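Here's a quick briefing on a few spots worth a look in the model. Have the viewer open and follow along.

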Amino acid sequence: MSIVRAFDFIAPPPQRSLIKPRTSGLTMVIDHGLGMAAQRDLLETAGDYMDFAKFKTGQARLYREPHLLQKIEQYLASGVKPFIGGQFHEYVFAVYGASALAGFYAEAKRVGFTTIEISDNVVPLTPQQRRDQIRGAVDAGLEVFGEVGSKDNQTSAAELIDQAGVCFEAGATLVLVEAAELVTAGKPNQAMLDELTGHLDMKRVMIELPGPWIPDVRTCDIELLKKLLVAALGPDVNVANVAPDTVIDFEATRVGLGAAGPQNLVHGERAA
């Protein structure tokens, strides 16, 4: 069934992928505890513009199982892929050891997840540990998103690029770049972005947005980074950690209907 929208004489940018499942222009929404009704409202309103939903940190452990199953099903029914955030994986590894990861993967699959994130935000991994963990999850039948970067220590662009290479080599389908690496004193780190975009296949990389968990980051700084990413990489840039209540607004930014303005104005062109 075709989707009907008002003002259909206004065409989106030709680069923007509007048909799901998308292979670029991916939007990952961060679910920080949405209730079922709020989640359902979000999907009915903005689900066309959502590709992934991250169950933040270890929150999947805290829901009553029927609620967790319902949340997963609601995302899947709307064509949104739910996945477990990397810090839950880090917790299991740090507290119970590598031998417990197989059970974690089995439980993730049992409740309906097909994808997990593997990161080292708070529990550092050696390159070999990162490689082994990603391969272990893939061998268990899960899709893996690898995250690179740290919330606490500044990583060089070369290190991030090397970490991304390890993730891809081990079988990760996407790499997420930790938001804290992309802001300095609350402002976008343009030099870091330039290095990453110059050395990585950005169709396989998602740039995370920062949030209030990062010192000195304000809402205006998050909005500035959104505009910067769309202006630099186009409307089909892959962006993660979009807040649920800003999905429609971010799509407007992608297609030139938001505060950043149309792409032709962003790049200095004017209508005839």
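Buried here means under 20% relative accessible area. Keep in mind that this is a predicted model. With that cut-off in hand, start with a helix, then go on to the rings and one glutamate.

**Helix α4**
- Helix α4 spans residues 101-111, and its buried residues are Leu-101, Phe-104, Tyr-105, Ala-108 and Val-111.
- These residues cover an arc of only 140° around the axis, so they sit on the same side of α4.
- What lies over the buried residues of α4? The cover includes the helices α2 (65-77), α3 (86-96) and α5 (127-139), along with the strands β3 and β4 (115-118).
- Just after α4 comes Gly-112, which has a positive phi of about 115°.

**Aromatic pairs**
- How many aromatic pairs does the count come to? The count is 9 aromatic pairs.
- One of them joins Phe-55 and Tyr-63: the ring centres are 6.2 Å apart and the planes are at 80°, so this pair is edge-to-face.
- Phe-55 has 2% relative accessibility, so it counts as buried.
- Phe-83 and Phe-145 are also paired, with ring centres 5.0 Å apart and planes at 75°, which makes this pair edge-to-face.
- Phe-83 belongs to strand β3 (residues 81-84) and Phe-145 to strand β5 (residues 143-148), so the pair ties together parts that are 62 residues apart in sequence.

**A charge over a ring**
- The charged end of Arg-204 sits over the ring of Phe-168, at 4.0 Å from the ring centre.

**Glu-208**
- Glu-208 is part of strand β9, which covers residues 205-208.
- Is this glutamate buried or exposed? Glu-208 has 2% relative accessibility, so it counts as buried.
- The Glu-208 side chain reaches the backbone nitrogen of Ala-179 at 3.3 Å.
- Leaving out residues up to four places away in sequence, Glu-208 touches a list of residues that includes Lys-54 and two glutamates, Glu-117 and Glu-147.
- Also among the residues touched by Glu-208 are Leu-176, Val-177, Glu-178, Ala-179, Leu-182, Leu-225, Ala-240 and Asn-241.

How values were computed
Residues numbered from 1 in each chain as written. Predicted model: local features only at pLDDT ≥ 70, side-chain atom pairs only at ≥ 80, totals over all residues. Heavy atoms only, no water. Phe/Tyr/Trp six-rings, centres within 6.5 Å; stacked < 30°, edge-to-face > 60°. Buried < 20%, exposed > 50% of the residue type's maximum accessible area, 1.4 Å probe, protein only. Helix = DSSP H or I, 4+ residues; strand = E, 2+ residues; numbered from the N terminus. Lys NZ or Arg CZ within 6 Å of the ring centre and 35° of its normal. Arc of directions from axis to C-beta. Contact = heavy atoms within 4.5 Å. Polar contact = N/O pair within 3.5 Å; in protein donor to acceptor, adjacent residues only side chain to side chain.
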